[in-house]
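Hi,

Here is the structure I said I would pass on. Have a look first, and then read my notes below.

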Amino acid sequence: MPSRAAIRMKHPSFSVSVTTASQLHDAVDRLLPLLRADASHASAARAIAAAVASFRPPSTLLSNRILHLLSSHPATLPDAVALLASLPSTDVCSYNTLVAALGRSSRGLASARALFDRMPRRDHFSWSAVISAHARHGQPRAALAIYRRMLREPGSAGADNEFTASSALAAATAARCARAGRELHCHVVRRGIDADAVVWSALADMYAKCGRVDDARSVFDRMPVRDVVSWTAMVERYFDAGRDGQGFRLFVRMLRSGIQPNEFTYAGVLRACAEFTCEKLGKQVHGRMTKSRAGDSCFAESALVHMYSKYGDMGTAVGVFRGMPKPDLVSWTAMISGYAQNGQPDEALHYFDMLLRSGFRPDHVTFVGVLSACAHAGLVDKGLGIFHSIKDEYGIEHTADHYACVIDLLSRSGLFERAEEMIDTMSVKPNKFLWASLLGGCRIHKNVRLAKWAAEALFEIEPENPATYVTLANIYASVGLFDEVENTRRIMELKRITKMPASSWIEAGTRVHVFLVGDKLHPQAEEIYALLKKLYLKMREEGYVADTGFVLHDVEDEQKQQDIGYHSERLAVAFGIIATPKGAPIKVFKNLRICGDCHTTIKLISKIVQREIIVRDSNRFHHFKNGSCSCRDFW
């Protein structure tokens with residue numbers, strides 16, 4: 001239909017001359033992606049919307065196109081709302097466009113709900129949009145209530161389909177409500193809308209995230225069609241639940257079924273191999289990935305870098321990184337964090353400098369890795385300089401994790417006054433990692449006053465975590481406050497909080513060998529203890545004296561030496577000397593932090609037996625070689 005007036009616009013990246021409805025449609029198609037990317041095109045969008053007034057009357061189709069354009073960016077969303085109110089002719093699509101757009105932000109949720117309630121007619125998209133919006137913005141129970149209203153409302157039977165059911169299942173997932181999820185499961189089966197792959201996936205996801213992984217597996221096993229996406233999701237669900245054995249077995253079953261893993265499958269399995277320290281399996285997965293070429297993506301290769309750094313094998317991690325055609329920010333960050341965790345701060349900072357020179361802008365995760373490297377090395381001035389640059393140079397707001405790294409740096413260095421001042425003035429609420437960092441620094445420097453402050457904060461955040469009680473008791477014991485040690489133990493007993501038993505493990509042959517403190521159940525226990533006795537004799541010749549400050553009990557020194565002499569990591573190291581080829585590195589993993597006396601002991605053992613010994617504890621790697629450690633005794 002011809003217009004009464006032509007509209008002409010010129011913009012650096014957009015110019016148009018509109019005289020017909022067809023040209024207006026074309027202009028909307030061109031402008032829509034520009035507006036979504038950049039709010040500077042808002043004026044052009046408003047001018048196009050104003051052109052609607054030239055068409056008498058504008059068609060509903062054309063009006064809806066303009067509504068879609070204006071609602072595509074928050075800057076022009078109010079214009080879309082105003083346009084809807086002025087249109088002489090609307091349909092359900094007109095309202096749906098605005099309900100979905102308003103529901104994209106938490107601030108617009110109430111307006112989306114009000115508009116939804118005013119709709120003269122609703123279809124399945126209307127119900128799905130408003131249900132999903134409530135679930136997405138922290139109101140999953142309200143979302144479920146809306147779904148139940150849909151089932152009761154006359155004339156809405158056609159809306160009860162796989163789309164609305166999937167939205168409701170997402171709400172049950174967000175609410176972590178297995179009961180509501182099971183009710184929905186029964187409902188979709190009764191209605192016969194359970195044949196859709198999206199519904200099956202939503203059901204499995206709901207059960208897994210509600211802590212019912214076996215039910216998720218049952219749904220997965222009954223899926224009529226299982227593609228690589230559904231297999232990958234189920235494998236990940238096992239890993240997320242800490243059931244690594246079942247996750248790996250399902251991955252093997254996937255391979256045998258003929259389904260080819262994609263880069264997301266490989267990345268998830270590699271992350272699990274890193275998390276659960278399955279080194280041999282990780283290398284096998286790497287080999288298969290290389291042969292299949294499915295892992296030729298930054299996503300999967302970044303997971304490889306992360307895995308090898310978690311194994312303490314930065315040489316292979318570097319090889320993978322250098323073989324990447326175009327490393328992305330995640331890959332660079334994995335290298336920086338890997339070097340930081342492996343006690344190589346100079347290399348971490350070197351890679352950070354290379355990242356900056358490559359043209360990438362670091363994000364908040366990258367800065368956590370860099371600050372962690374500074375903290376592990378005691379680089380106070382360097383670390384503080386980088387911390388201030390995060391906001392001043394890069395315009396990134398400091399996160400609680402950034403502050404935690406700096407508090408770690410300051411407290412490890414004994415700069416408690418500066419740490420207190422930063423905590424009192426920081427712009428975000430301290431998290432558990434910050435308080436744990438402060439408590440760890442207090443343990444190093446035996447600062448009882450601040451240790452109590454940090455422990456009290458941690459008791460409020462996670463009152464059932466035994467690590468806080470144990471660390472506090474260690475600090476009391478280190479300064480001879482054994483009454484306080486016993487008081488801390490009594491509190492743990494009253495609250496039924498049990499200390500996680502320290503364990504260490506090592507791969508040898510085809511088996512993983514696990515040791516507890518004073519463990520004599522291993523088939524080679526007699527040989528292990530005999531070797532340790534020989535090593536202790538040689539250590540004493542080197543001037544070793546046991547540091548019994550790490551023993552909590554107020555007992556005689558001889559008993560303290562006996563208690564500390566057979567910690568799990570020492571047993572694992574001794575077994576490694578026996579069970580691995582002469583000259584090969586010995587790699588031990590521990591679930592808790594290595595104690596100071598074990599650190600000294602393993603340094604000396606590495607010198608006596610002339611072997612590299614790598615210990616990964618709960619915090620970081622320690623690479624022992626020729627009587628020294630990569631952490632430079634600062635951890």
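**The sheet, from one edge**

Strand 7 (residues 621-625) and strand 8 are antiparallel partners, joined by 2 bridges. Within that pairing, F624 sits opposite C629 of strand 8. When I say that two strands pair, I mean that DSSP finds at least two bridges between them. Helices (H or I, at least four residues) and strands (E, at least two) are DSSP runs, numbered from the N terminus.

Before going further, two notes on the source: this is a predicted model, where local features need pLDDT of at least 70 and side-chain atom pairs count only at pLDDT 80 or more, while totals for chains, interfaces and linings use all residues. Residues are numbered from 1 along each chain as its sequence is written, and side-chain values use heavy atoms, with hydrogens and water left out.

Back to the sheet: it is open, has 6 strands in the order 4-3-5-6-7-8, and its pairing is mixed. Strand 4 and strand 8 (628-629) are the edges, each pairing on one side only.

At the strand 4 end, strand 3 (residues 503-508) and strand 4 (residues 511-516) run antiparallel, with 6 bridges between them. I506 has H513 of strand 4 opposite. The two strands make a hairpin with 2 residues between them, and G509 in the turn has a positive phi of about 65°. Strand 3 also has 2 bridges to strand 5 (residues 586-590), again antiparallel; there, S504 has K590 as its bridge partner.

**A helix with a buried face**

Helix 28 (residues 482-494) has 13 residues and spans 18 Å from first C-alpha to last, close to the 18 Å expected at 1.5 Å a residue (the expected span is 1.5 Å times one less than the number of residues). Which of its residues are buried? They are F482, V485, T488 and M492. Seen down the axis of helix 28, these fall within an arc of 115°, so they line one face of the helix (the arc is that of the directions from the helix axis to the C-beta atoms). D483 and L494, on the other side of helix 28, are exposed. Buried means under 20% relative accessible area, exposed over 50%, and partly exposed in between (1.4 Å probe, protein chains only). Just after helix 28, R496 takes a positive phi of about 60°.

**Aromatic pairs**

Rings of Phe, Tyr and Trp (its six-membered ring) pair if their centres lie within 6.5 Å; planes under 30 degrees apart count as stacked, over 60 as edge-to-face and the rest as tilted. By this rule there are 19 aromatic pairs. In one of them, the rings of F251 and Y266 have centres 6.5 Å apart and planes at 75°, so the pair is edge-to-face. It links distant parts of the chain, with F251 in helix 14 (residues 244-256) and Y266 in helix 15 (residues 263-275), 15 residues apart. F251 is buried at 5% relative accessible area, and Y266 is buried too, at 0%.

F387 and Y403 are another edge-to-face pair, at 5.2 Å centre to centre and 65° between the planes. F387 lies in helix 22 (residues 380-392) and Y403 in helix 23 (residues 400-412), so this pair ties together parts 16 residues apart in sequence. Both F387 and Y403 are buried. Elsewhere, ring pairs link F321, W332, Y339 and Y351 into a cluster.

Cheers
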